[in-house]
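These are my notes from one sitting with the structure.

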Amino acid sequence: MEASRGQNGIQQLLAAEQEAQHIVNIARNAKMARLKQAKEEAEKEITEFRAQVEYEFQKKVAESSGDSGANVKRLELETDAKINHLKNEAARISQDVVQMLLKHVTTVRN
């Protein structure tokens with residue numbers, strides 16, 4: 001009787017082990033499915049985020065290139081103003097510079 005009882009206990013342990021292995025396999029498969037779903041969702045979010053950032057970038061590029069005409073015009077006006085200022089200053093002091101140069105050239109030192 002004890003032999004059949006021991007045999008019965010071994011059979012129960014083997015059945016419990018198989019059931020536990022089956023539960024572990026189900027859990028592992030469920031985990032893999034959740035990971036795969038999470039990865040797909042993350043990739044979808046990344047794609048949407050990239051598209052949004054690219055759209056915003058293109059929008060800013062379009063806005064700034066539209067403003068580049070205004071920037072060029074503003075820079076041209078500033079440059080012209082500076083050139084005119086320099087010409088006026090040169091005209092104002094050119095007579096003094098010529099007089100100073102003539103004085104130094106014509107003065108003889110011993």
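Is E89 buried, partly exposed or exposed? I found E89 partly exposed, with a relative accessible area of 29%. For this I took buried as under 20% relative accessible area, exposed as over 50% and partly exposed as in between, with a 1.4 Å probe and protein chains only.

I note that this is a predicted model, in which local features need pLDDT of at least 70, side-chain atom pairs count only at pLDDT 80 or more, and totals for chains, interfaces and linings use all residues. Residues are numbered from 1 along each chain as its sequence is written, and side-chain values use heavy atoms, with hydrogens and water left out.

Entry on the helix.
I looked up where E89 sits and found it in helix α1. This helix covers residues 2-106. Helices here are DSSP runs of H or I with at least four residues, strands are runs of E with at least two, and both are numbered from the N terminus. I then took C-alpha separations along the chain. E89 and S4 are 85 residues apart along the chain, and their C-alpha atoms are separated by 119 Å. For R50 and V97, 47 residues apart in sequence, I read 64 Å from C-alpha to C-alpha. T79 and Q95 lie 16 residues apart along the chain, with 25 Å between their C-alpha atoms.

Entry on the annotated region.
I checked the record: an unreviewed UniProt entry lists residues 25-52 as "coiled-coil region". UniProt positions are in the numbering used here, feature names are shortened, and annotations may be inferred rather than shown by experiment. In the model, residues 25-52 are 100% helix and 0% strand.

Entry on salt bridges.
How many salt bridges does a search of the whole structure find? I recorded two. The criterion was a side-chain nitrogen of Lys or Arg within 4 Å of a carboxyl oxygen of Asp or Glu.

E89 pairs with R92, the closest N and O atoms being 2.7 Å apart. Because R92 and E89 are three residues apart in helix α1, about one helical turn separates them. I found R92 exposed, with a relative accessible area of 55%.

R74 and E78 also meet in a salt bridge through their side chains, at 3.0 Å from N to O. These residues are four apart in helix α1, so R74 and E78 are separated by about one helical turn. R74 is partly exposed at a relative accessible area of 40%, and E78 is partly exposed at 37%.

Entry on surface patches.
I looked for patches among residues with over 30% relative accessible area and no salt bridge, joining like charges within 9 Å and nonpolar side chains (Val, Leu, Ile, Met, Phe, Trp, Tyr) within 5 Å. Accessible areas came from the Shrake-Rupley method with a 1.4 Å probe, and for residues only the protein chains shown count as cover. Lys and Arg counted as positive and Asp and Glu as negative, while His and the chain ends were not counted. I placed each charge at NZ of Lys, CZ of Arg, CG of Asp or CD of Glu.

Which residues form the negative patch? I listed E40, E41, E43, E45 and E48. E43 is in helix α1 and counts as partly exposed at 43% relative accessibility.

L101 lies in helix α1.

R50 has its place in helix α1 and counts as exposed at 61% relative accessibility. T79, also found in helix α1, counts as partly exposed at 43%.
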